[in-house]
Amino acid sequence: MFEHYLKRWDLTLDGSAFASLNGHLLPVRQHGMPAMLKVSQVAEEQAGSLLMAWWDGDGAAPVLAVAGEALLMARAQGSASLVQKVAGGEDDDATRILCAVVARLHAPRDKPPPALVPLTHWFEALWGAAHKHGGLFEQCANTARELLADPRDVTVLHGDIHHGNVLDFGPSGWLAIDPKGLYGERGFDYANLFCNPEGASALAPERFARRIEIVAQAAGMDRRRLLQWVLAWSGLSATWMLEDGIDPGRPLEVAKLAAMALGSDIKVME
Ligand SMILES: Nc1ncnc2c1ncn2[C@@H]1O[C@H](COP(=O)(O)OP(=O)(O)O)[C@@H](O)[C@H]1O
Ligand SMILES: [Mg+2]
């Protein structure tokens, strides 16, 4: 599957190929420069590749070439990782780095973006789950409906911001990979980091509360609006996991934390 692009883009092998959730990756070099070749048949990934090219290295990995299923991008060479930072107790730092990258990705550009999917399309899956399961799913869906009916600060979105999708590019800083090609309210892009990285630490109530404060401040977002996006997104994430036969315990735990924080907000306001 890589052969054609190796010839077409004049690449040499520089490591072993591996499969990821949505595609296949191969470390290569182009004229000596370390690069990563990703091939994916998933339409969402392909839309994301065009968006990544549009970002032109500002907030996301520089794209060297893109053609349908194939994406050639600069390879992260730095030794740090946000997952390691979290494991090493530098959670605040990791959260602030994610916020800074998101802000760069959301900054307006003076050229029209490529074709993007509206966030409302993604959330359609949640309506069915709310109907079927009720309870927390219904709460997530109601919140999502409220948010989507009155979007604020609509922009180009990454769609999958988490600690494994922002990499250390050494002198070029932290840059995102793996965008999905969406648009909608900017608050959405800050929600998924609350479910990550894997492991128990993100689910600890004190950690959750601290991240909410850090993100609200770094993003300049209303705390309540941020909690609503976390609640809405966790419900959608849990819906997809159920569809895929994966235990949705993790996003549902995050949804509970967000719902509880929103509930206490209401009490405070009364
Ligand atoms: N440009 C890159 N530089 C270095 N590593 C990369 C790069 N792109 C992808 N990777 C590695 O491959 C993994 C999977 O790539 P990703 O695009 O996130 O695939 P998926 O869509 O399946 O999540 C990443 O988590 C990272 O470890
Ligand atoms: Mg990824």
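User: Let's start with Pro-113. Where is it found?

Analyst: Pro-113 is found in the loop between α4 (91-106) and β7 (117-118). Helices here are DSSP runs of H or I with at least four residues, strands are runs of E with at least two, and both are numbered from the N terminus. Before we go on: this is a predicted model, where local features need pLDDT of at least 70, side-chain atom pairs count only at pLDDT 80 or more, and totals for chains, interfaces and linings use all residues. Residues are numbered from 1 along each chain as its sequence is written, while chains are lettered from A and ligands numbered from 1 in the order in which they are written.

User: Got it. What does Pro-113 touch?

Analyst: Leaving out residues up to four places away in sequence, Pro-113 touches Leu-51, Trp-54 and Val-156. Touching, or being in contact, means that the two C-beta atoms, placed from the backbone, lie within 7 Å. Trp-55 is 58 residues from Pro-113 in sequence, and their C-alpha atoms are 8.9 Å apart in space.

User: And is Pro-113 buried or exposed, or partly exposed?

Analyst: Pro-113 is partly exposed, because 14 other C-beta atoms lie within 10 Å. The cut-offs are 20 or more other C-beta atoms within 10 Å for buried, 12 or fewer for exposed, and partly exposed in between, with C-beta atoms placed from the backbone.

User: Zooming out, how is the chain divided?

Analyst: The chain has domain 1 (3-74) and domain 2 (82-269), with bounds that come from an automatic or database domain assignment. Taken over C-alpha atoms, the domain centres are 26 Å apart. The contact between them takes 13 residues from domain 1 and 17 residues from domain 2.

User: Which helix gives the most on the domain 1 side?

Analyst: That's helix α2 (residues 43-55), with eight residues on the side that touches domain 2. By class, this side of domain 1 has nine nonpolar, two polar and two charged residues. Here Ala, Val, Leu, Ile, Met, Phe, Trp, Tyr, Cys and Pro count as nonpolar, Asp, Glu, Lys and Arg as charged, and the others, Gly among them, as polar.

User: New topic: what surrounds ligand 1?

Analyst: There are 16 residues around ligand 1, and the closest are Ser-20, Leu-21, Asn-22, Ala-76 and Asp-178. A residue counts as near if its C-beta atom, placed from the backbone, lies within 6 Å of the molecule. The shell has eight nonpolar, five polar and three charged residues. Domain 1 and domain 2 both give residues to the shell, so ligand 1 lies between them.

User: What's up with Asp-178, then? Where does it lie?

Analyst: Asp-178 lies in the loop between β10 (174-176) and β11. Its phi is near 65°, a positive value in a residue other than glycine. Asp-178 counts as buried because it has 27 C-beta neighbours inside 10 Å.

User: Which other residue has a positive phi although it is not a glycine?

Analyst: Asp-56 has one, at about 55°. Asp-56 is in the loop between α2 and β5 (63-67). Asp-56 counts as exposed, because it has 12 C-beta neighbours inside 10 Å.

User: Which peptide bond is cis?

Analyst: The bond from Asn-196 to Pro-197 is cis, with omega near -10°. Pro-197 is in the loop between β11 (182-185) and α7 (205-219).

User: Last one: how many residues does the largest nonpolar core have?

Analyst: It has 77 residues, and those with the most contacts inside it are Leu-37, Met-73, Leu-98, Trp-229 and Val-230. A nonpolar core is a set of buried Ala, Val, Leu, Ile, Met, Phe, Trp, Tyr and Cys residues joined through C-beta atoms within 7 Å. Helix α8 (residues 223-243) gives the most to this core, with nine residues. Both domain 1 and domain 2 give residues to this core, so it lies between them.
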